[in-house]
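Me: I have not looked at this one before. Can you walk me through a few parts of it?
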Amino acid sequence: MKPMGWTFKIYPTIGIARLGNCPNDGVSDFYVGPEVPGSVIVPQNGYKDSQGRVRRQAARFHIYCWEDGVFMGEIDSSAATITWTVELANTKAAFNQFHGVGHTNGPLRNAAVSDRTSLMIKPGPRTIGLGGQALFNTGQFLGTAVPLGEIQTDANGRLLVLGGFGASNSPTNAAITTFANNDGWHDDVSDGPVNATVRIGGQTYQAEGAWVICPPTRFAPPIPHPISLYDTLLQAMVDRYGYQVPATPSFTNDIYPLLRSQLANQWVSSKLSASYYAALSAVIPPPATAAQRQAIFQQFRPPSTPPTQTTSKEMPAIWTDYFADLKNNGWVNHPLTVTQYNSLAAWAAGNFVNDWVGYPSPGTAYTPDGLTRAALENCSGGPFFPGIETSFLTRDQYPFIEPFRLDGTALQAGDLTKQNAVPWQTDFYDCDFQSPLSWWPAARPEDVFPSGSSKYAGWERGVKSPAAMIQLWSGLGFLVQSGNAVVEIDRTI
C-alpha cells in the first residue's frame, strides 16, 4: 500500500558527539552515548585505549514515522532507503568575544583579521547512505587544515556522528591570555544540522531535521548535573512556547533526580559539609517529615531572586551565569529552573506523588523523547559562562519548531558552539573551584577519590596552566561507579 500522510522525524532532536584523541581504527575507537534516560554508558573496552587515548562518544540518530498523526515506530534501512546529510562547523574564532550572558555586541575575536571566513572551520555538508562514511577534513583555520570528525551508519542505517580529536592549536604561535577569548587559536569542537531523506513506497520524504553538538569529553559520566541542559531547555519550552509540565511532581521522576544530583556532588567536590549530605539522605525514601523536607528546600535560591543579589540560599553550589556582572556585589549561586524549584516547593509542602518503589533503574527501550532526554540530561544547563556543550544563546534566543527541535532554517552550522571558549581547554582549566562556589563539577571534577584511596585528590593535579591543559587533557582520569562509591580511574598524567 502506498504510504500517504506520512511524517518522518529525526531523534534525538539534539545529539551529543564528544571528542576524544583515540584514532579511528574502525573497531573500538568510539562508543555510542546514552540513549535511554538515566543510563550511564561504560564502554566495553573502556573510556581510553591501551595507550591512554580517550575514545570518542558518538551520537546516533534514529528516524521515527507517523502516518496521519498515528505513531508507527522507528524506520530503518530494512524498510526504506535512508540518506543522511550532516554539516559541521566551528566558527568560534570569527564570533564576538565572550564577556558574559547577554553581551552579544562586544568586540570580535581576532578583530585584526579582515578575511573573517579564514577563521571559520567549515568543511561543508556531507551526504551518505547505508554503509557510507564521510570525513569533515577539508575545513581550515588561517590556512591550516582542522579535521572536525566524520559520519557513518550502523548496520541498520542509523546515523553515527563522531566529533573531533581534541586538537587545539595556534598556527601563529599566539599566547594564551584569557579563559575564553584567545586570538590566533582554534579547537575542533563543532556543531551543525542533521537531515535525512526517506525513500519508501516509491516516494521520497524529507525528515524533520535535528542538530548535533560535538563538545569536550565528559569525565564524570555517573555524576548528574544539578541543572542539566534538558532541564534548561524544558524551561525554555515552558516560558517561550507554553509547553505544559505536570501540576503535581512525581517523587521518582522529578524530586529524586534533584536530590541525587546534590548527593552525587560529594564524589566530585570536597567543598560541601557531611551534614548536608546526611540531610539529603534522610529524605530518601519518601515521604520523610515535613521538617526534613523544608530543611532541604530552604537551602535553594528562588529563581525570582535578582541574579546580582547575594542571598543566604546556597544550593546548587555553583556560580551564576551573571558572574561577570557581580563586581563587588558578593557571590551569587545559580538557581534551579522555575520548573525544578516549583517541583521542590510542592514536595516540601507534601504535595507530590509518592510513587517510590525503590531506586529507579533505566529502561531498555528506545523512544523518540527518551533519546533526546538521554542526550541532553548529560550536558550542563548552567552556568553558561560561557558553557561546555552550548551557550546561553541556545537557551535564550535560538528558535525551535517544536519542543527541543531547533529551527534549522534560522541557524547555521557552528551557531551552538560559537560563543564558547576558544580553545575549550582554557575554560576547562580555569573553572576549578572558585571560593565559595563551583562551576561544573559534574563535568569537570574538582576533587576526586583515586581508585584505592579514601582521601580526596585534586582532579587536575599535575596540570599547572591553561597551556598544560591543552597538552595534557586526555591524561586526566575518568570517574566510574565502584560499588556505592564513585572513583577515579585511567589517569595517565
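Me: What do the buried residues of H6 pack against?
Reply: This is a predicted model. In it, the buried residues of H6 pack against strands S1 (6–11), S2 (14–16), S4 (56–67) and S5 (70–75), and also against helix H1 (229–241).

Me: Which ones are they, in H6?
Reply: The buried residues are Pro-368, Gly-370, Leu-371, Thr-372, Ala-374, Ala-375 and Leu-376.

Me: Switching to helices H2 and H5. At what angle do their axes cross?
Reply: Roughly 105 degrees, and the axes come within 10 Å. H2 is residues 251–263 and H5 is residues 338–348. An angle of 65 to 115 degrees counts as roughly perpendicular, so H2 is roughly perpendicular to H5.

Me: Which residues meet there, between H2 and H5?
Reply: From H2, Phe-251, Asp-254, Ile-255, Leu-258 and Leu-259. From H5, Gln-340, Ser-343, Leu-344 and Trp-347.

Me: And how do the residues of that contact divide into nonpolar, polar and charged?
Reply: The contact of H2 with H5 has 6 nonpolar residues, 2 polar and 1 charged.

Me: Now strands. In what sense do S6 and S13 pair?
Reply: Antiparallel, over 7 bridges between S6 (residues 81–90) and S13 (residues 190–200). Thr-83 has Thr-197 in S13 as its bridge partner.

Me: How many bridges join S6 to S7?
Reply: 6, and S6 and S7 (residues 121–128) run antiparallel. Here Trp-84 has Ile-128 in S7 as its bridge partner.

Terms used. Residues are numbered from 1 along each chain as its sequence is written. This is a predicted model: local features need pLDDT of at least 70, side-chain atom pairs count only at pLDDT 80 or more; totals for chains, interfaces and linings use all residues. Side-chain values use heavy atoms; hydrogens and water are left out. Axes are lines fitted to C-alpha atoms, for helices over the stretch in contact, and angles run from 0 to 180 degrees between N-to-C directions. Helices (H or I, at least four residues) and strands (E, at least two) are DSSP runs, numbered from the N terminus. Angles under 35 degrees count as roughly parallel, over 145 as roughly antiparallel, 65 to 115 as roughly perpendicular and the rest as oblique. Contact means heavy atoms within 4.5 Å. Ala, Val, Leu, Ile, Met, Phe, Trp, Tyr, Cys and Pro count as nonpolar, Asp, Glu, Lys and Arg as charged, and the others, Gly among them, as polar. Buried means under 20% relative accessible area, exposed over 50%, partly exposed in between (1.4 Å probe, protein chains only). Two strands pair if DSSP finds at least two bridges between them.
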